[in-house]
Amino acid sequence: MAYLDNFILIALPYVALTVFLIGSIYKYTHRKFQFSSLSSEFLEGRRLFYGSVPFHWGILVVFCGHLTALLIPRGILAWNSQPVRLMVLEITGFIFGISMLVGLINLIIRRYTTPRLRPVTNAMDLVIYILLFLQTFAGLWIAYSFRWGSSWFATLLTPYLYSIFTLHPDTTAVALLPWPVKAHIAGAYLIIGILPFSRLVHLLVLPLNYLWRPYQQVIWNWDKKKVRNKKTPWSLQRPENT
Amino acid sequence: MDVRSQIAMVFHLDKCIGCHTCSIACKNIWTDRKGAEYMWWNNVETKPGTGYPSKWEDQEIYKGGWGKRNGKIHLKGAGKRRGLVNIFYNPNLPVIDDYYEPFTYKYLDLIESPQGDDQPTARPVSLITGKPIDIKMGPNWDDDLGGTPDYARNDPNMKNITPEEQEVMFQLEKMAMFYLPRICNHCLNPACVASCPSGAIYKRGEDGIVLINQQVCRAWRMCVTACPYKKSYFNWHTGKSEKCILCYPRLEAGLAPACMHSCVGRIRYLGVLLYDADRIEEAASADDKDLIKSQMDIILDPFDEDVIKAAKENGIADSTLHAAQASPIYKFVKQWGLALPLHPEFRTLPMLFYIPPLLPVMASVKKVDNTTEADKKAPLAKKWNNDWIYDTSTEELWGKLEQIRFPLKYIASLFSAGDEDVIKEVWKKLMAVRIHRRRVTVGDITNEKADNTLSEAGINAEMADAIYALTSLPKFEERFVIPAAHREQAIEMMDFTGDTKGATGFGFKSKVKRGV
């Protein structure tokens, strides 16, 4: 059991994070064309609504919840100090988790029952669907059976994750958690590991820049004023956008 | 004044014969690929008709282009708030069925079928699934079917036309139609650029061509919704949007774009326009009725000393200025005022202008009572209930504009945001040119009448001759005045030539690099 724990809680995260980092950087620098959400709305634009919308809003909230517990554990614990607020947080998370699961099931059914989507579906999509489904299911199960996750995440998992990030892995507390939680942790690492090699790469290129860029974009291939100025030496006019 | 140069175009609709040579030239070069089979960066539509994709002009469905609220413009179906909220599911995205499902035929079945009693057939198969399909729509399915109930009656431009007027059009449905060739308008205020969350779409500073960076496109597919002309297409195979690139590799080499080069009717003109980039937003925010005027106002006179000075300060090359002065576009659009943007009310300031079709104006439509005639024939002949007839007996040569077969409103809804006077002005000029040339070449029109028509149209004989020459007799170099792209400078900018010496031609195939 200790070997498995060590594998899931120590080896797997480092392998996954390394693969994630190297893979993402390599993909972004050498295979930038592959960064796409590979939307299939164009081929099937009706049933997608019942899958994509609940899934994405669900995962957005659930992911932000996990992130908050990781970044400000004290804040979460302070919030949870009153039972009502704890209940509000847990129920909100659970509802969005359900929404995610429902959306995911709709997406899976849609993808494998629409003939037009076959040509744009690959093996990696299936892997992701299975992983995401198990992960969501495990998450909901944990939220239901091992209460109250938001609190013990902040007290147990956050220190563990920090210990991973600071290269001093400490699994003493986490190793005592029940196996569904460990499965959920392992699932998370697996998803992180395959992220750069799947359509999930669109997570890495969220278009947040859109919020503050001006609407219109004009790109000059070269600085026209400089290029026509006889005094400018050629070596100064190296391109900016290679 | 921020002077920029733009490659702009004019399509002369009276000359379009609807042969689709342009579409084929474009398809063969650019979109004959998996995922792009359904795309027609250049397409020719029959008007009245629903077009491609179906009913693209109806922004109630697609929410394309810009709207105006409290004096400010906003993207109708995309933008920072709406675009990001709808990013998981875009409710206004046209899907493949709005274009058509691409297909081919199993031609091999014709050869390989075993011997039998029946003629072997080549069944259509979908190019997406590879399975046999029943073809519901195809490229130019509505070609020349302007009058059929499925197409003309569903034309979004019909909504302002009274049922009586529509009836007149549909009685003539077998006769009256025109062709509308469309490519990307390379707008000054492009909605696709503004809508792209990842910033993949941009306007090229040097010549104003709007391009999509395939490395940056992430398939958020907002551009497909935002472009009111539906000229940004989603490649379902690569998961990237694609659009007309105005054949920029050809333009940079001094060649006309493939669609223009191959145009059989020689309807297409291409040249440089200078415009004031500082006033784009102001021009796009004008009232509906002032939109054409405001767009014309930001197009600058390339002969004006101040404009030339400002252009030079902005680094516009002398060769580009010369091209702007010789530009057929400037003549058609500004000097003569003959060419109008398609659907100016979309507020994207398109840089493709159309000379509205005069159509054969020789005839008018009359309502007649033909029951006596029909009774005489009965019971021998079938009774037709055609009360409307197409009357070709005009008092005057070519008849009058008021008698035109298409309601003015229809053309106005296409080219002037509904302003009929604008179209009338253009038509008067086009008619005046014809009458003037008839005087010159045939001589059966009195000088007085010809001069009157010219002055009514607000042009003189000299101008009419120039319009005639550029319309009917232009040489290749007059239709396409392509500015030098200064590729030598572009190359020097992209790479220091010293670095790539020996890496081209018969030398090394890749860059000579030192070490690992």
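Two residues are in contact when heavy atoms of theirs lie within 4.5 Å. With that in mind, welcome to this predicted model. Among contacts in chain A between residues at least 6 apart in sequence, 76% join residues at least 24 apart.

**Chain A at a glance**

- Chain A contains eight helices and one strand.
- Chain A has 242 residues, and 41% of them count as buried.
- The accessible surface of chain A amounts to about 13,800 Å², and carbon and sulfur atoms account for 73% of that surface.

**A helix pair in chain A**

- Two packed helices are described by the angle between their axes and the distance between the axes.
- Helix 3 of chain A spans residues 73–80 and helix 6 of chain A spans residues 149–165; they pack at an angle of about 150°, and their axes are 9 Å apart.
- Because angles over 145 degrees count as roughly antiparallel, helix 3 and helix 6 of chain A are roughly antiparallel to each other.
- The crossing of helix 3 and helix 6 of chain A is left-handed.
- On the helix 3 side, the contact is made by Pro73(A), Ile76(A), Leu77(A) and Asn80(A), which meet Ser150(A), Ser151(A), Ala154(A), Thr155(A) and Thr158(A) of helix 6.
- Sorted by class, this contact between helix 3 and helix 6 of chain A has four nonpolar, five polar and no charged residues.

**Arg439 in chain B**

- Look for Arg439(B) in helix 18 of chain B, which covers residues 420–441.
- Arg439(B) counts as buried because its relative accessibility is 15%, and the cut-off for buried is under 20%.
- Leaving aside residues up to four places away in sequence, Arg439(B) touches Ile445(B), Asn447(B), Ala450(B), Asp451(B), Leu454(B) and Ala461(B).

**Gly208 in chain B**

- Gly208(B) sits in the loop between strand 8 (201–204) and strand 9 (210–212) of chain B.
- With a relative accessibility of 1%, Gly208(B) therefore counts as buried.
- Ser5(B) is 203 residues away from Gly208(B) along the chain, yet the C-alpha atoms of these two residues are separated by 6.9 Å.
- Ser5(B) is also among the residues that Gly208(B) touches, together with Gln6(B), His186(B) and Lys203(B), when residues up to four places away in sequence are not counted.

How values were computed. Residues numbered from 1 in each chain as written. Chains lettered and ligands numbered in written order. Predicted model: local features only at pLDDT ≥ 70, side-chain atom pairs only at ≥ 80, totals over all residues. Heavy atoms only, no water. Axes fitted to C-alpha atoms, helices over the stretch in contact; angles between N-to-C directions. Helix = DSSP H or I, 4+ residues; strand = E, 2+ residues; numbered from the N terminus. Parallel < 35°, antiparallel > 145°, perpendicular 65-115°, else oblique. Left-handed = near helix turned anticlockwise from the far one by under 90°. Nonpolar A, V, L, I, M, F, W, Y, C, P; charged D, E, K, R; others polar. Buried < 20%, exposed > 50% of the residue type's maximum accessible area, 1.4 Å probe, protein only. Areas by Shrake-Rupley, 256 points an atom, 1.4 Å probe, with all protein chains shown as cover.
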